[in-house]
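Here is a short briefing to read alongside the structure. Take a moment to look it over, and then let's walk through a few of its features together.

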Amino acid sequence: MGGKHESANGLKAPISTPTPPAHVSLRPDFFPNLKSLKLKTKQQELLLRVTTLCLVYLLAFIIRLFSVLRYESMIHEFDPYFNYRTTLFLTRHGFYEFWNWFDSESWYPLGRIIGGTLYPGLMVTAAFLYWVLRFLRFAVNIKDVCVLTAPFFASNTTLVAYFFGKEIWDSGCRHRRGRPHRHLPWVHLAVGRRVAVNTGSLAWALGSAFGYFYMVSAWGGYVFIINLVPLYVLVLLITGRYSMRLYVAYCTMYVLGMLLAMQIRFVGFQHVQSGEHMAAMGVFFLMQVFYFLDWVKHLLSDTKLFQDFLRITVTCAVSVGGLALGVGMASGFISPWTGRFYSLLDPTYAKDHIPIIASVSEHQPTAWSSFMFDYHILLFLFPAGLYFCFKRLSDATIFIVMYGLTSLYFAGVMVRLILVATPAVCLISAIAVSATVKNLTTLVRTKSKVIHTGSSKGTASAKTSAKASLDQSLPFQRNGAIALLVGAFYLLSRYATHCTWVTSEAYSSPSIVLAARGAHGGRVIFDDYREAYFWLRQNTPPDAKVMSWWDYGYQITAMGNRTVIVDNNTWNNTHIATVGRAMSSYEDEAYEIMHSLDVDYVLVVFGGVTGYSSDDINKFLWMVRIGGGVFPVIKEPDYLVNGEFRVDKGAAPKMLNCLMYKLCYYRFGELTTEYGKPPGYDRARGVEIGNKDVKLEYLEEAFTTSNWIVRIYKVKPPSNRW
Amino acid sequence: MGSRFAFFFLFSSIAILSTPASSDLIISKLDRRIDLTSHIVRVASTLKVENAGPAVVSEVLLTIPNYQAKNLAYLLASSYEGKGKTKGPTISLPVEVVHPKGMPLDLTTYSISLSKGLEKGESLTLDVFAAFSHSLQPFPEEITQADIQLVLFQDSAFYLSPYQVTAQSLSVRLPSARVESYTKLQNTKLVESEIKYGPYENLPPFSYNSIVVHFENNRPFAVAHELVREIEISHWGSVQINEHYNLIHGGARNKGGFSRIEYQGRPNIRGASSFRRLVARLPPRAHSVYYRDEIGNISTSSLWGDSRQTELEIEPRFPMFGGWKTSFTIGYGLPLQDFLFESEGKRFLNISFGCPIDEVVVDNLFVKASNLTQVVLPEGSKEISVSVPFSTKQWQEIKHSHLDIVGRPVVVLQKTKVVPEHNLHFQVYYKFNNLALLQEPLMLIFGFFIFFVACIVYMHTDMSISKSSASYLAKLQWDEVQATVQQVLSIINRCLTVHDKLEASLHDLSRNGDVQACKAVRKAADALFKEYAKELKPLLGFLQSSPQAAHVWPKVDELVAKEKEMQERSMLKHSSVVECYEKKSGGRDVENRVASHQAKLTALRHEVDDLLEVIDEI
């Protein structure tokens, strides 16, 4: 419903390294000629690896450029406009100004302390890249830096994913995938974490702590990591895989990561105070207990004595921990879980309690089709990969398995979290593909050699034939292997094509510029959003306050440069509910509310002329719900007829006369939108509207864009009493 | 309005009281044409000046009331030699502001210096052209979307001059025949869209008779509050021009909102005073044209081009109503050879000053309140000088662009009140060394070179801190072992080649029976094998002794042993075949004798191959 749609696509670029040349030594006749050119096998492998990685890197970068090339170098979505605006501020005013920035242009009249309420990672990264390029005397534009940071990090993510895969499987993991997504540090962290456990090295643990810090600074999703890692450690503890490496890695990472994360003002003391972070802390203490027990065990030679000691210690530790948690919760020192967190664990929670979370389309449970759409054959390879992982169980594979399973669950709960699951799914599938292909190629190779020698000499030795007959115990094995290989490569290439297509079609159409095919096949561009925002920017007083639904808040401040009442940072539910209430009230009531909020202009998005379906009328029920959640005056059934939402003649009377309806359909009744239909035919909903004679008393039309997508109304000043 | 009228009356009384400074000149015939068809007021006057006094006169004074003079954008006086049809070449005359004594304070006086003095009794014809911006006053000042735009224009029916005017006439051209009202004096008539005043005869100096015309003018009142033109010269072959416009509709302000449905239904009636497109006439061969603003590309523009010009039609994001503002940037590249020339060892840029958006074609008038022209010269330009045909404010700046170290010199020219008449060419002279062109590519090459060198150095230096740690030493040893194994492998591979040669020699033997050649090959092979064995010895010794090679050693050992066996077998086979040939025994016999060797050899060869592969993978 909220027009947010991130590019949560799972993309991979399977490029398979051909197996190292197996026939070189079998072809002595070519040998002298190639001798000068021939590299050592290791060098060949390195060359192939590097080339493949470079190609994958490029591909991952290029695949994200669809929208830039098709449209222009600009920020296309709703939310990133905030990042863009803050990055701009950062580069213009410097870091300290940025950190202390109080933004009076949003959440009027409350304002927002930007520095204290954001994850600065992305902005700082973009600004850093910008400064570096500037220093190197490349006169780049900050906007282009912001646009290209995402593809750049997508490429980096691919590399990281490769090394991650290499670390957990072996150096033979031959399939890497480009998995473009915006919030990249995921894997950075994961790798650091993994490597740390593998090597038990302090340096890597330190690295992972910094990775974690970067992650925290960039995205609120770090909560997933801070819960996943303890979970992983817990599983290792339970399965008896506790080791010194684990202790060093986890403790270093937790303590340092926590201290670093506290430097982000938005996170602050959450690490020790909020319910979401308690698991990590609990496991940290558990680790200490384990270590202590280990030490005691080392000192005590008597097993029985140790058993008793163990029992006492564990009971004490658990009860103390539980008590501390209970006291903390009860005294309010430890805050309970937030709504978002609850809605992850219980998908129905948000619907009943927090409509504002449920209203965002990204927060809806994922449909099966979108799994198919995004993952394609990965859906089948994923279980296969899990099989291979279990077959070769180690600390590393346990981690990837847990990462994969948990993130897959979350991806099922919320659409946007598909992008969290993607790296894991990709990696596990890569393991499957790698293992399969490796097995198949060994089969093909041994067979081909036998046949080669056999045919070249004509007289097969007894030994060879014996070996051959042994292999032939499975009939058509070689042919089967070849067929399977070909099949695998066909699937992979299909997958690559599919991913490119998905990126191009589904994830590269900007929401700020809409494009359609004209009657003659030419491209028609609906640039109405920018038309309206630019009009606001140019032709309204600089201190004008604009009321709109929160989806457009960031864009209005960034592009229109005007103050908004609410925006996409939905931190104040009451404020949003007030706007929702204004939109769903009668005009005179709404006027009172708008007057109290000092609103000068009201902006609505309307798709009735063009058939643009994610407009405010279609979002309207959420406004009612959110408004009604705080102000019980607003009742959802008032806007429905027999539980049905309609805008035509059969619509509820309150619906036909609420502010949103009036603003959207003002003078729409006079317009013929489609040939052969009556005037006032709403193309987005396919009905003739019910109230064609809309009169506005307290507002006047100030601007309507050329395709009517954005309509702006001016709130009239209060009329004179005499 | 009222105050201004009062001011005029006051002013006229002063004018009559004051004594003119030089009354020797008489304007014998004066013809004034005021063009009000756009929002720039253009006044073209033809004066016939006669010297009635005894002294030689070398300057003619023009007086313009202050309220007009502050809007004066352009003033050009010219005279021509000869009379009647046989006009000589037009000479433009220098004009400057003077402050003669006794002139009323409400007047601004301009003095035209004549090229040669006017003798007694002589006469001269002068053409004076003046353009005024912001001289049309919208009235009413606020209109709705559906209203037409009405404007007021004020001037004097009589030519305001310090001289006596013998005969004069005035014609005012309006954009349309629709006139609300105009001041009616004697001899006034309105013909279609033209109002004629006069002829009036024998008027004393400083005669003033205010007239007001109130008429419809729906021409776009496009005013650029600020226009920054950035001309950047690149000696790599292009002149890049970026123009940043800050545009406003300077006519009557829009009130009562904007209704899209009315506008899209009948844009010419329900939006008569608005305009939605502008046409810029760019020089020919303009390329890489773009049109954008702060928030991105604007998709509503189109471009045509022929050999004489390039025409760019742009539409602002929204239709422009009175008082509405917009801003945008257009940019284009031009071929260097069309605009950059060389003379006397200096280069000079010769390019037009004003903005390319043209009123004639589109009926859009464009006035720049403040025009900032920046010429960005290449880095390393010296001895910069500018020549502009009119007065401008000038200064220099430094701009940093791609790969600049000291920055590029920028010449900034500022001019207020610019009308299309200012669209003249100006020149920027500078010196530039061609070698400086190579500076940036060389810098890039050097940068990449340094980068690669750094990579190479990194790869070849040993960065580890503790050179004596166990793991470090182990790594060193392992590297050494690997290198040795590689050497061993290459020797074995060479041995295999020798085997193949032997095989080939046998093959030849079976074809041509040349035993001697075969023996020679064998001899050579023997020598080679020995040599290889010698080479192998130290390597194997090292591998055996090295603890790092412990797990490789058995394989290598096996490989060498197998190879040795192969050598023996091969030799045996070879000698037996040769023997057979020497004894001239039958082919079958040879086969029988060799068969066992052959089988063994094949098997050995296979094993060796396998081993090679195994070792390779370690």
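The notes below cover an annotated span, a helix pair and a sheet. Please keep in mind that this is a predicted model.

**Annotated span in chain A**
- An unreviewed UniProt entry lists residues 545-603 of chain A as "domain: STT3/PglB/AglB core".

**A helix pair in chain A**
- Helix α26 (residues 573-584) and helix α28 (residues 616-630) of chain A have axes that come within 7 Å and cross at roughly 120 degrees.
- Angles from 65 to 115 degrees count as roughly perpendicular and those over 145 as roughly antiparallel, so α26(A) and α28(A) are oblique to each other.
- The crossing of α26(A) past α28(A) is left-handed.
- On the α26(A) side, the contact includes Asn573(A), Ile576(A), Gly580(A) and Met583(A), while α28(A) contributes residues including Phe620(A), Met623(A) and Gly627(A).
- By type, the residues of this contact are eight nonpolar, five polar and one charged.

**A sheet in chain B**
- Three strands of chain B form an open sheet in the order β3-β7-β6, with antiparallel pairing.
- Because β3 (57-65) and β6 (95-98) of chain B each have a single partner strand, they stand at the edges, and one side of each has no neighbour in the sheet.
- From one strand to the next, the twist averages 35 degrees.
- β3(B) runs antiparallel to β7 (residues 107-118) of chain B, and eight bridges join the two.
- Within this pairing, Ser111(B) of β7(B) sits opposite Leu61(B).

Technical notes
Residues numbered from 1 in each chain as written. Chains lettered and ligands numbered in written order. Predicted model: local features only at pLDDT ≥ 70, side-chain atom pairs only at ≥ 80, totals over all residues. Heavy atoms only, no water. UniProt positions renumbered as here; feature names shortened; annotations may be inferred. Pairing = 2+ DSSP bridges. Helix = DSSP H or I, 4+ residues; strand = E, 2+ residues; numbered from the N terminus. Axes fitted to C-alpha atoms, helices over the stretch in contact; angles between N-to-C directions. Parallel < 35°, antiparallel > 145°, perpendicular 65-115°, else oblique. Left-handed = near helix turned anticlockwise from the far one by under 90°. Contact = heavy atoms within 4.5 Å. Nonpolar A, V, L, I, M, F, W, Y, C, P; charged D, E, K, R; others polar.
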